[in-house]
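I opened this notebook to keep track of what I looked up, one topic at a time. The entries below follow the order in which I went through the structure.

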Amino acid sequence: MLTFSAASSAAATSVAAKKQTLNTRGAEFFNPKLPPRTLSSSKRFEGSSNLVDLRYHMGPVLSSSPINIYLIWYGRWSESQKLLIKDFITSISPSAAASSPSPSVSEWWKTVSLYTDQTGANVSRTLVVAKEHSDTRYSHGYHLTRLSVQQVIATAVKAAPFPVDHRNGIYLILTAHDVTVQDFCRAVCGFHYFTFPSMVGYTLPYAWIGNSGKQCPEVCAYPFAVPGYMGGGGPGALVPPNGDVGLDGMISVIAHELVELSTNPLVNAWYAGEDPTAPTEIGDLCEGLYGTGGGGGYIGQVMRDGKGRTFNVNGNKGRKFLVQWIWSPALKACAGPNAMD
């Protein structure tokens with residue numbers, strides 16, 4: 001099952017991971033109410049353990065440390081765009097916590113690290129960008145299907161060359177704003193799965209995420225863009241923390257997919273539901289929630305700095321990001337480091 005990253009805001013009860021002192025650095029808290037995305041999903045949960053049957057299905061999680069991220073830049077990307085995405089990924093590891101004030105990206109990932117495999121090994125807390133490959137010639141065209149996404153990986157494995165990293169590798173395919181992908185904007189903003197040996201030669205966990213900035217920001221860069229039907233009469237979009245609607249929205253989807261790939265890399269580990277071809281994973285359960293008090297159209301308590309930029313976690317190099325909360329196996333509820341209670 002390909003995990004969909006685009007869904008309507010989940011009406012959920014937000015729960016704090018723990019009481020803590022938040023370093024807001026002059027930022028103010030607010031809980032905006034926004035119109036729903038134009039892309040909807042049937043995955044709606046109330047954040048209650050009575051409604052969620054999340055179970056472990058005996059498959060592997062990414063417990064070996066570090067988790068190696070192999071980045072495939074498909075299409076033309078500026079160096080500043082690449083740096084922003086890489087800064088988010090490197091902000092996840094514990095080594096980043098010392099330079100990132102609370103609430104931080106590293107603290108956000110702690111919830112992911114609570115998930116274990118059948119041996120009791122936890123998902124690794126350390127992620128590194130192991131290698132990169134740029135496909136600026138659009139070697140598989142300007143339109144990709146789900147299968148040709150795997151061909152892009154096969155090209156990178158051969159040309160980069162990327163190592164065949166079965167145990168702790170994630171292959172992350174990021175498509176530029178001028179690349180269309182099957183079902184992009186219509187049904188998905190990103191997905192993850194594993195490669196077919198017939199296509200790539202190996203079984204490797206991967207995720208694809210597209211830059212929606214010029215194609216469907218109101219769908220895949222929400223809440224930094226709102227549906228066009230709202231016109232000027234409804235709530236306005238939030239200001240992205242790094243000034244790029246497409247990239248900031250993309251980072252939120254990348255976060256979603258990394259969470260699910262780490263806990264369900266072969267689609268046989270952590271998910272809810274009886275059908276492994278349509279699993280509801282730990283990111284799906286909290287989609288649309290970014291802070292305490294979320295639900296009913298509210299995204300939850302997030303922060304806004306002096307320039308009006310909205311965020312809920314801090315990263316490396318003074319970066320700020322807005323990422324969704326994650327389902328906690330300990331609390332049996334959605335949780336995040338910016339919790340207010």
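Entry one, a disulfide. I began with the link of Cys189 and Cys220, which is left-handed, with -85° about the S-S bond. I note at the outset that this is a predicted model, and that the two sulfur atoms of Cys189 and Cys220 are placed 2.0 Å apart in it. Cys189 lies in the loop between E7 and E8 while Cys220 belongs to helix H5, so this pair ties together parts that are 31 residues apart in sequence. I then looked up the accessibility of both partners: Cys189 has a relative accessibility of 1% and counts as buried, and Cys220, at 4%, counts as buried too.

Entry two, the other disulfides. How many disulfides does the structure hold? I found three. One of them joins Cys185 and Cys216, with 2.0 Å between the sulfur atoms, and with -70° about the S-S bond this link is left-handed. Cys185 sits in the loop between strand E7 (180–181) and strand E8 (190–194), and Cys216 in the loop between strand E9 (205–210) and helix H5 (217–220), so the pair ties together parts that are 31 residues apart in sequence. Is Cys185 buried or exposed? Its relative accessible area is 19%, and because buried means under 20%, Cys185 is counted as buried. Cys216 counts as buried at 3% relative accessibility.

I went on to Cys286 and Cys334, which form a disulfide with their sulfur atoms 2.2 Å apart; the angle about the S-S bond is -100°, and the link is left-handed. Cys286 lies in the loop between strand E10 (270–272) and strand E11 (302–304), whereas Cys334 is in strand E16 (residues 333–335), so this pair ties together parts that are 48 residues apart in sequence. Both Cys286 and Cys334 are buried. Counting the bonded cysteines along the chain, I wrote down the pattern of the disulfides as 1-3, 2-4, 5-6.

Entry three, the nonpolar cores. Which residues have the most contacts inside the largest nonpolar core? I noted Ile85, Phe88, Trp108 and Leu174, in a core that has 84 residues. Helix H6 (residues 245–263) supplies the largest share of this core, with nine residues. As background, I reminded myself that in soluble globular proteins nonpolar side chains tend to be buried together.

I then took Trp108 by itself and, leaving aside residues up to four places away in sequence, listed what Trp108 touches: Phe88, Ala255, Val259, Val313, Val323, Gln324, Ile326 and Pro337. There is also a second, separate core of nine residues, which includes Phe30, Tyr222, Phe224 and Tyr290.

Entry four, a glycine in a loop. I looked up Gly59, which is found in the loop between strand E2 (54–56) and strand E3 (67–74). Is Gly59 buried or exposed? With a relative accessible area of 4%, Gly59 is buried. Which residues does Gly59 touch, not counting those up to four places away in sequence? I found Asp117, Asn268 and Ala269. I also checked Gly59 against Asn264, which is 205 residues apart from Gly59 along the chain, and the C-alpha atoms of the two are separated by 7.6 Å.

Terms used
Residues numbered from 1 in each chain as written. Predicted model: local features only at pLDDT ≥ 70, side-chain atom pairs only at ≥ 80, totals over all residues. Heavy atoms only, no water. Core = buried A, V, L, I, M, F, W, Y, C linked by side-chain atoms within 4.5 Å. Buried < 20%, exposed > 50% of the residue type's maximum accessible area, 1.4 Å probe, protein only. Helix = DSSP H or I, 4+ residues; strand = E, 2+ residues; numbered from the N terminus. Contact = heavy atoms within 4.5 Å. Disulfide = S-S within 2.5 Å.
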